[in-house]
Amino acid sequence: MQVIHTIAALREALAPHAARGFVPTMGNLHDGHLALVKQARDLVGPQGCVIASIFVNRLQFAPHEDFDTYPRTLERDCELLAAAGCDVVFA
């Protein structure tokens, strides 16, 4: 599984794949996220590419919620995603 950090690198990684499945997340993954990755894998098949994004978006937090303390668990998330059949993590 590749971990990619730039849009240019993501485009390059996706170019050879006609079938793609995308699962957007904010990281700190749970079983629901992993079920979506597995479903994406089923939909695109073994030759397709499953991509998960991990992006903690400040705009998704209300003023009273603490963006700075949201758990960032990239290493653990990548392990879980790889086991679930993800090909690319865009973080």
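## Nonpolar cores and an aromatic cluster in a predicted model

Within the largest nonpolar core, which has 14 residues, the members that touch the most other members are Leu34, Val37, Val50, Leu81, Cys86 and Val89. The model described here is predicted. At least two residues of this core come from each of helix 2 (31-44), strand 3 (49-54) and helix 3 (74-84). Helix 2 gives the largest share, four residues. In soluble globular proteins, nonpolar side chains tend to be buried together.

Leu81 illustrates the packing of the largest core. When residues up to four places away in sequence are not counted, Leu81 touches Met1, Leu29, Leu34, Val37, Ala52, Ile54, Cys86 and Val89. Of these contacts, Leu34, Val37, Cys86 and Val89 are, like Leu81, listed among the core residues that touch the most other members.

Helix 2 also contains His33. The relative accessible area of His33 is 14%, so this residue is buried. With neighbours within four places in sequence left aside, His33 is in contact with Val23, Thr25, Gly27 and Asn28.

The aromatic residues are considered next. A pair of aromatic rings is described by the distance of the centres and the angle of the planes. The structure holds two aromatic pairs, with the values set out below.

| Pair | Centre to centre | Angle between planes | Arrangement |
|---|---|---|---|
| Phe61 and Phe67 | 5.6 Å | 85 degrees | edge-to-face |
| Phe61 and Tyr70 | 5.7 Å | 80 degrees | edge-to-face |

The planes of Phe61 and Phe67 stand at 85 degrees, so this pair is edge-to-face; the cut-off for that class is over 60 degrees. Phe61 also pairs with Tyr70, and Phe61, Phe67 and Tyr70 form one aromatic cluster.

Tyr70 has a value of 22% and so counts as partly exposed; the limit for a buried residue is under 20% relative accessible area.

The charged end of Arg72 sits over the ring of Phe67, at 4.8 Å from the ring centre. Phe67 thus takes part both in the edge-to-face pair with Phe61 and in this arrangement with Arg72.

Notes
Residues numbered from 1 in each chain as written. Predicted model: local features only at pLDDT ≥ 70, side-chain atom pairs only at ≥ 80, totals over all residues. Heavy atoms only, no water. Phe/Tyr/Trp six-rings, centres within 6.5 Å; stacked < 30°, edge-to-face > 60°. Buried < 20%, exposed > 50% of the residue type's maximum accessible area, 1.4 Å probe, protein only. Lys NZ or Arg CZ within 6 Å of the ring centre and 35° of its normal. Core = buried A, V, L, I, M, F, W, Y, C linked by side-chain atoms within 4.5 Å. Contact = heavy atoms within 4.5 Å.
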